[in-house]
Amino acid sequence: MRLHDLVDAVTGDEPPMSRTIDDIITAGRRAERRRRAGFASAGAAGLVVAVVAGAFVVPTLGAEQSSPAAPVVAGAAASKPAAAEWPDAVPFTFTFTGYDAGALHVQDPIVASTAYQIAPVYSDGHTSNDKPMTVQEVEEQGDAFLRNRENGKPALWAYLTVYRPGVFDPARIKDSTNVTVAGRRAVQATLPVGLDPQRPVDGGNKLFAWEYADNAWAAVTSYSDDKATPSFEELGGLVEGLKPSRPTPALVPFTVGYLPDGYVPLQIGTHTTAGLGGIATARAGDYGGATYTKAAMPATGLTAPYEAAEGGIRDGFRISVIPSTSANQSPEPGATRCYQPPGARARDQGLGVGAFCNIWSADGKAVLQVSATGLDNELPQAEVEKIAKGITVADVTDESTWTPAATALRP
């Protein structure tokens, strides 16, 4: 168990309260009386105890682009290079693979949605900050949500998002600068401290985006406690290495048997939980997850993944399949436990409101959770339980038993 004290607030025989990553960080910031910046939730509320370091809202959606007097040109080519032929793949499909660009190392994508794919980015000379953190670490570090340096290396949390055509809008990035890299249109911007738009910019928080195909953009987001590295020039080095690959369906270790009316799949994680939470805990050893919303999310005008966009994800639920070592509750082999925490009690403790269900594997080594916690919806416990009991979990140790997400996510 990683964090026994996540449930210390609960006494007697009452069920443990569900704590998402969003809940933990929100409670910490409330103590500092600072503005909440919309932190991303990692999937398994009440079970996943990895604290997301750096998964904050990018405060750019709806902002106007600045117009610099003269565009900065970095490595400009004489003319736009011939565009690679990117496949017209369906959502929840991976269409690129990892690659290296100098000191930066893009991993294979592990998150896919209806609008984008996301891959972690590592860097030589940095400590990659995509491992679980404890609540104590977050509370002790305050706004410095990056893991302490290891072996004298600065901490880095970075990811590459490859958007489908027409989804990303560079004109909505606040205070951006137009650049040209390897003959391609690009923009770059420095993001605020804590990604709070009311605070000054932090040189270690950078966004670099480029048009990899007609009307299709990719963006690397980098949060480093070294303001100088990675530099915009280093981030721009990722441009030429991004190439299309043979489309590969994203696999998940479960299939869904029941969905409430109106709910649709939004994003998944393979070998991790869904969304930015999955990117922030890429090396936690989780198996898979998905996020659903009651209404389809916007498919245009994005400048960041859904959790990091203005307003975040609302009215939905999450599915997560994780090892018991990622849980903050003792394994109960073969058991099904569902809870509907009282709303007033949850709010008093700074926790998200919403029902969740845990279904443990027969050997207690893995657990399935369905959670509506923290997503501001009114999905009742009976519906959450029905979703959970309708899910079939594959052999989490054998990927050959997993199902393409496009098939698995609907009954």
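Analyst: Contact here means heavy atoms within 4.5 Å. Please note also that this is a predicted model.

User: Which residues does A362 touch, not counting residues up to four places away in sequence?
Analyst: A362 is found in the loop between strand 20 and strand 21 (366-371). The C-alpha atoms of A362 and G334 are separated by 4.2 Å, although the two residues are 28 apart along the chain. With residues up to four places away in sequence left out, A362 touches P333 and G334.

User: Does A362 count as buried or exposed?
Analyst: The cut-off needed here is that exposed means over 50% relative accessible area. A362 has 72% relative accessibility, so A362 counts as exposed.

User: How confident is the predictor in the chain, as given by the mean pLDDT?
Analyst: Over residues 1-79 the pLDDT stays under 50, and the model has 234 contacts beyond four places in sequence for this stretch. Where pLDDT is low, the predicted coordinates should not be read in detail. In the chain, 71% of the residues reach 70 or more, and the mean pLDDT is 78.

User: How many helices and strands are there in the chain?
Analyst: The chain has 411 residues, of which 56% count as buried. Among contacts between residues at least 6 apart in sequence, 70% join residues at least 24 apart. As for helices and strands, the chain has seven helices and 23 strands.

User: Which residues form a disulfide?
Analyst: The structure holds one disulfide. A pair of cysteine sulfur atoms within 2.5 Å is counted as a disulfide. The sulfur atoms in this case are 2.0 Å apart, and they belong to C338 and C357.

User: Which parts does the pair C338 and C357 tie together, and how many residues apart in sequence are they?
Analyst: The torsion about the S-S bond of C338 and C357 is about 115 degrees, so the disulfide is right-handed. C338 lies in strand 19 (residues 336-339) and C357 in strand 20 (residues 356-360), so the pair ties together parts that are 19 residues apart in sequence.

User: Are C338 and C357 buried or exposed?
Analyst: Buried means under 20% relative accessible area. By that criterion, both C338 and C357 are buried.

User: What is the volume of the largest cavity?
Analyst: Rolling a probe the size of a water molecule over the atoms shows where empty space is left. The count comes to one cavity of 30 Å³ or more. The largest cavity has a volume of about 40 Å³.

User: Which strand supplies the largest share of the lining of the largest cavity?
Analyst: The lining is made up of V121, Y122, S128, N129, D130, L156, W157 and A158. These residues divide into five nonpolar, two polar and one charged. Strand 6 (116-123) and strand 8 (155-163) each supply at least two residues of the lining. The largest share, three residues, comes from strand 8.

User: With which residues is Q188 in contact, leaving aside its neighbours within four places in sequence?
Analyst: Q188 is placed in strand 10. With a relative accessible area of 15%, Q188 is buried. Apart from neighbours within four places in sequence, Q188 is in contact with D175, S176, T177, V179, L207, F208 and F232.

User: What is the distance separating the C-alpha atoms of L191 and L207?
Analyst: L191 lies in strand 10 (residues 184-192), and L191 is buried with a relative accessible area of 2%. L191 and L207 are 16 residues apart along the chain, and their C-alpha atoms are separated by 7.2 Å.

User: What is the phi of D175?
Analyst: D175 is placed in the loop between strand 8 and strand 9 (177-181). Its relative accessible area is 48%, so D175 is partly exposed. D175 is not a glycine, and yet it has a positive phi of about 55 degrees.

User: Near what value is the phi of H271?
Analyst: H271 lies in the loop between strand 16 (264-270) and helix 4 (275-280). H271 counts as partly exposed, at 38% relative accessibility. Its phi is positive in a residue other than glycine, near 65 degrees.

User: What is the omega of the peptide bond from T229 to P230?
Analyst: P230 lies in the loop between strand 12 (216-224) and helix 3 (232-236). The peptide bond from T229 to P230 is cis, with omega near -10 degrees.

How values were computed: Residues are numbered from 1 along each chain as its sequence is written. This is a predicted model: local features need pLDDT of at least 70, side-chain atom pairs count only at pLDDT 80 or more; totals for chains, interfaces and linings use all residues. Side-chain values use heavy atoms; hydrogens and water are left out. Helices (H or I, at least four residues) and strands (E, at least two) are DSSP runs, numbered from the N terminus. Buried means under 20% relative accessible area, exposed over 50%, partly exposed in between (1.4 Å probe, protein chains only). On a 1 Å grid over the protein atoms alone, a cavity is a set of points where a 1.4 Å probe fits but cannot get out, and a pocket is an open set with protein on both sides within 12 Å along at least five of seven lines; lining residues have an atom within 4 Å of a point. Grid points are joined across faces, edges and corners, and a volume is the space filled by probe spheres set on the points. Ala, Val, Leu, Ile, Met, Phe, Trp, Tyr, Cys and Pro count as nonpolar, Asp, Glu, Lys and Arg as charged, and the others, Gly among them, as polar. pLDDT is the predictor's confidence in each residue, from 0 to 100.
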